[in-house]
Amino acid sequence: QLQLVESGGGLVQPGGSLRLSCEASGFTLGVYNIGWFRQAPGKEREGVSCISSSSSSTRHADSVKGRFTISRDNPKNTVYLQMNSLKPEDTAVYSCAAAYERSCSWILTRTDYNGMNYWGKGTLVTVSS
């Protein structure tokens, strides 16, 4: 089965950290640019971070710059999102999506998965004291 599966979400206090994982099964993740997205209750989905297939390029939304880091381990078919200094406004369902030959600039502007090749169901991150 071709799918992306996210994990690592949970409840964390403000100022805390979490690392999310996005693992591909059934296909090779290494040829795709990967974006992380989030959707808070009642809000539109937004692009958070993106990494190119070779890891040569990463981009982040202004709201998470300096706090979130995206990386990938292609032999493990996995992309990670390290989230530090978490804030209550970071609370959302986080999902990943794979796009073939789409730039990270394009990926981060998406509010839906049109044009993406694969996407996951998401993992919930709750930042609260």
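Colleague: Let's begin with the sulfurs. What is a disulfide, in general terms?

Modeller: A disulfide is a covalent bond between the sulfur atoms of two cysteines. In this predicted model, the count comes to two disulfides.

Colleague: Which residue does Cys-22 join?

Modeller: Cys-22 is joined to Cys-96, with an S to S distance of 2.1 Å. That falls inside the cut-off, which asks for sulfur atoms within 2.5 Å.

Colleague: And the handedness: is the link of Cys-22 and Cys-96 right-handed or left-handed?

Modeller: Look at the torsion about the S-S bond: for Cys-22 and Cys-96 it is about 80 degrees, so this disulfide is right-handed. The bond also ties together parts that are 74 residues apart in sequence, because Cys-22 sits in strand β3 (residues 18-25) and Cys-96 in strand β9 (residues 92-99).

Colleague: Are those two cysteines buried or exposed?

Modeller: Cys-22 and Cys-96 are both buried.

Colleague: Now the other bond. Where in the chain do Cys-50 and Cys-104 lie?

Modeller: The sulfur atoms of Cys-50 and Cys-104 are 2.1 Å apart and form a disulfide. Cys-50 belongs to strand β5 (residues 46-51) and Cys-104 to helix α1 (residues 104-108), so this pair links distant parts of the chain, 54 residues apart. Its S-S torsion is -75 degrees, and the link is left-handed.

Colleague: Why do Cys-50 and Cys-104 count as buried?

Modeller: Buried means under 20% relative accessible area. Cys-50 has 0%, so it is buried, and Cys-104 is buried because its value is 7%.

Colleague: How would you write the pairing of the bonded cysteines in sequence order?

Modeller: Number them along the chain, and the pairing reads 1-3, 2-4.

Colleague: What share of the residues is buried?

Modeller: Of the 129 residues, 46% count as buried. As for contacts between residues at least 6 apart in sequence, 60% join residues at least 24 apart.

Colleague: And what does the surface look like in numbers?

Modeller: The accessible surface comes to about 6500 Å², with 44% belonging to carbon and sulfur atoms.

Definitions and conventions: Residues are numbered from 1 along each chain as its sequence is written. This is a predicted model: local features need pLDDT of at least 70, side-chain atom pairs count only at pLDDT 80 or more; totals for chains, interfaces and linings use all residues. Side-chain values use heavy atoms; hydrogens and water are left out. Helices (H or I, at least four residues) and strands (E, at least two) are DSSP runs, numbered from the N terminus. Buried means under 20% relative accessible area, exposed over 50%, partly exposed in between (1.4 Å probe, protein chains only). Contact means heavy atoms within 4.5 Å. Accessible areas come from the Shrake-Rupley method with a 1.4 Å probe; for residues, only the protein chains shown count as cover.
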